[in-house]
There are 2 protein chains.
Amino acid sequence: MKLIINNPPPYGGKLIKNIDKKEHELKGVPFYDIKPEIDKKSGAPIRNVYREIISICYGFFSPLDRFMTREDVDFVLNQRRLPNGYIFPLPIIFDVDKDEIKKMQLREGDRLYLRLKGKPFAYIEVEEMWEFNPEEIAVKTFGTPEKNSDALKKPLDEKHPGFSIYRNMSGFAIAGKVYIINEPKFKEPYNRFWYPPEMSREEFSRRNWRTVIAHQTRNVPHTGHEHLMKEAAFMGDIEPCRGILVNAIVGAKRIGDFVDEAILEGHEAVNKYGYIKPERHMVTFTLWDMRYGAPLESLLHGIIRQNMGCTHHMFGRDHAAAGDYFDPYSTQTLWTKGLPSYGFDAPPYDVEKGLEIRPVNVQEFFYCPRCNEITYSETCGHNEAQRFSGSFVRGLIAEGIKPPSVIFRPEVYDVIVKWWRVFGYPFVNKRYLMQKEEELEVEVE
Amino acid sequence: MKLIINNPPPYGGKLIKNIDKKEHELKGVPFYDIKPEIDKKSGAPIRNVYREIISICYGFFSPLDRFMTREDVDFVLNQRRLPNGYIFPLPIIFDVDKDEIKKMQLREGDRLYLRLKGKPFAYIEVEEMWEFNPEEIAVKTFGTPEKNSDALKKPLDEKHPGFSIYRNMSGFAIAGKVYIINEPKFKEPYNRFWYPPEMSREEFSRRNWRTVIAHQTRNVPHTGHEHLMKEAAFMGDIEPCRGILVNAIVGAKRIGDFVDEAILEGHEAVNKYGYIKPERHMVTFTLWDMRYGAPLESLLHGIIRQNMGCTHHMFGRDHAAAGDYFDPYSTQTLWTKGLPSYGFDAPPYDVEKGLEIRPVNVQEFFYCPRCNEITYSETCGHNEAQRFSGSFVRGLIAEGIKPPSVIFRPEVYDVIVKWWRVFGYPFVNKRYLMQKEEELEVEVE
């Protein structure tokens, strides 16, 4: 019986690194400007494809190295796999303004250069230009309660942010391999959390982190999150996991979310102030406009964190969900026995060309006054759970009330206050939303 | 990649159950009376072979079904394996009074009936009668710092309770299969904690405990022990272990130990008062006069708990040690990479005919005033650890001071007080020692 686990290989065997820093003759070349995708109803920015370009080119989505063709998308929607057989749960589509492209007289086989914030940034080798019905893609991406009764409780609609992303696409896509020609610089505070897979693997190796458990986040951590990290990390091989990787998903925000800056620095405060040793904990992020696809999203999270070198991944109740479209246990069901309606008769680590990251399916952490500590729903036998309510905590904070230290570490709260001063409000509001999608997380030189 | 773990088979494939309740014609049969083994120097009882008979006959030591022959002991001392190839770390010898046996004119092939507390209890099929040098067996059982430099720091001597057990043997042994003919009844409070392997497996199955982590104890649990159990149980397969099995070693005590009654009921209080749900936690015991063989003892613990149906076993620093004879990490070294000097070039789960129980090697739990909770040495980054000192806690208790609830749950402390009232002192003293070995944990009818 072999028990020692080591960092898995990148998914598909090889990390994608589509960075092409050769001299490019750009004079007179037509450029296509990357713009945020705007929700037609609310006018709010909901996606910026630059994030997908970054994530593809730095290997977060390995083995995916391109924007999808019609055939790729068909495979994904029918089998949740790429044509090469590797699992991929969601369509990655570079939808563009058809008129603008028509004017360029772009043809398949051409190279299209892309500009970000007015500066040369990347190019795509045009393999296919194809049209699609955004509504149809949106529905097929998530499925329907009829076809996906093992996961979905009600049909998705435009209140669901992931559905909206697909629904608001232009209907005209360019497919093909994409390369970055001009690596953007991450601004403060993002830059020190930037560990694309090649770097995170180097860092794990330097730290001797044979086993690493990934924590998905889009929250400033309360003590419940802290305990989830600390306790789930006892899963390992013959000893607890050596490292805990916080990987925040940074992308288009929703009103009322914590701001990304506070999420990253809030998690950093957990290690900086010793609640988890900095030697055992590191904070990173992935650029991605969340699709909130619950079990589908969890597959992408598994791919990303396997590529980063993680051996384990925490999955709680209602993982990566928005609203009550999905069964809150659908992600754990997927990682326990599979979800046949999405093509998984077995969990994603137990199928052909499966993932090599192990789930750590956990239930709930809460404060129990009898235990007088944060405890776990499967451990504590008192019926006095004081559950962490996101809206209660946000309510306290919005009222300017410092939450009790038993539910929020004071140093983590200080981070919220710091960014509150910067942005004038502790949470994402319309102003932050517009400003962020205009300024982005990067500078392009 | 298959990740689901299930209760392992008994070690060697089959649970031993040497209970022979046929009618036995006992009239006029010569009986040998089981008596406690007394330390020649101190006069204190240090072992009672009835415990080994119980543990063999109910399958705790499967596949061992007998008292060892000279050949068995040679195999154990040279290879830490039985002649059939299965791991067994310590000699299990039925040493008897040679003169008494001579008077009986006992021969190999005979059956020798044994009496406990004056009542018929068991018999042994005499396969061999053999003589040995107790000093030599004692030294070879544990090894020497020269030969076992990967584990031993100094030579064992008669201050070591396990060494004393072998050193005080009579030098004349009877080997052969042993059978219980009259099942003793455990007294209060032992009886409700009695789950020999067949019963514990039934109970695990009834509770749907696919994965169970074993906690070795000879202590009334403080909150550090409680957190060790709670946190180590996050090791599992794709979810934390379903069950936590406390298995106390009940046997000859040493002055200053907690009394066995308080150990069992103290652990029970942890679940009875909800610090760990009773649905997830159960308290049991094994009869065994501890040899304190650290890594060697840990192998026996692995065998016992695999036989009980456990999938995982906690191993902390200084597991099953007494004094500073062994390197405090020797058990964890054995379960991480093996201890070549004892015949293990690889850990016991990764050798031929190896164990199928998985180690959970953990470091230290302590109270941190900054975290304001019990935390883990590999997690907490503050340098303010308030370590659990057994002697400090015992000192408080002996002075009649109720320890603060952050280090001792009040309901657990109440158990200590309850037995203090019964025995007149909170810890094992000379009176308890003598009384216990006379009265034992059982009644024989």
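**Strands, fold and contact**

A: Start with a bridge pair: Val212(B) has Gly243(B), in strand 12 of chain B, as its bridge partner. Strands here are DSSP runs of E with at least two residues, helices are H or I runs of at least four, and both are numbered from the N terminus. This is a predicted model: local features need pLDDT of at least 70, side-chain atom pairs need pLDDT 80 or more, and totals for chains, interfaces and linings use all residues. Residues are numbered from 1 along each chain as its sequence is written, and chains are lettered from A and ligands numbered from 1 in the order in which they are written.

Q: How many bridges pair strand 11 and strand 12 of chain B?
A: Six, in the parallel sense, between residues 212-217 and residues 243-250. Two strands count as paired if DSSP finds at least two bridges between them.

Q: What is the strand order of the open sheet in chain B?
A: It is 13-12-11-14-15, five strands with parallel pairing. Strand 13 (281-287) and strand 15 (358-361) of chain B are at the edges; each has a single partner strand, so one side of each lacks a neighbour in the sheet. Neighbouring strands are turned by 30° against each other on average, direction ignored. Axes for that are lines fitted to C-alpha atoms, for helices over the stretch in contact, with angles from 0 to 180 degrees between N-to-C directions.

Q: And what stands opposite Val212(A)?
A: Gly243(A), in strand 12 of chain A. Strands 11 and 12 of chain A run parallel, joined by six bridges. The open sheet of chain A has five strands, ordered 13-12-11-14-15, with parallel pairing.

Q: What share of chain A is buried?
A: 53% of the 445 residues. Buried takes 20 or more other C-beta atoms within 10 Å of a residue's own, exposed 12 or fewer, partly exposed in between, with C-beta atoms placed from the backbone.

Q: Where does Phe344(A) lie?
A: In the loop between helix 10 (330-336) and strand 15 (358-361) of chain A. Phe344(A) is buried, with 24 other C-beta atoms within 10 Å. Beyond neighbours within four places in sequence, Phe344(A) contacts Leu334(A), Gly338(A), Leu339(A) and Val351(A). Contact means C-beta atoms, placed from the backbone, within 7 Å.

Q: Now the two chains. How many residues does each give to the contact?
A: Chain B gives 37 residues and chain A gives 37 residues. On the side of chain B that touches chain A, helix 7 (223-232) and strand 15 of chain B are the elements giving two or more residues.

Q: What rotation superposes chain B on chain A?
A: One of 180°, with 0.0 Å of shift along its axis and an RMSD of 0.0 Å. The two copies are thus related as by a two-fold rotation axis. In chain B, the C-alpha nearest the axis belongs to Met235(B), 2.0 Å away. The superposition is by least squares on C-alpha atoms of residues with pLDDT of at least 70 in both copies.

Definitions and conventions: Contact = placed C-beta atoms within 7 Å.
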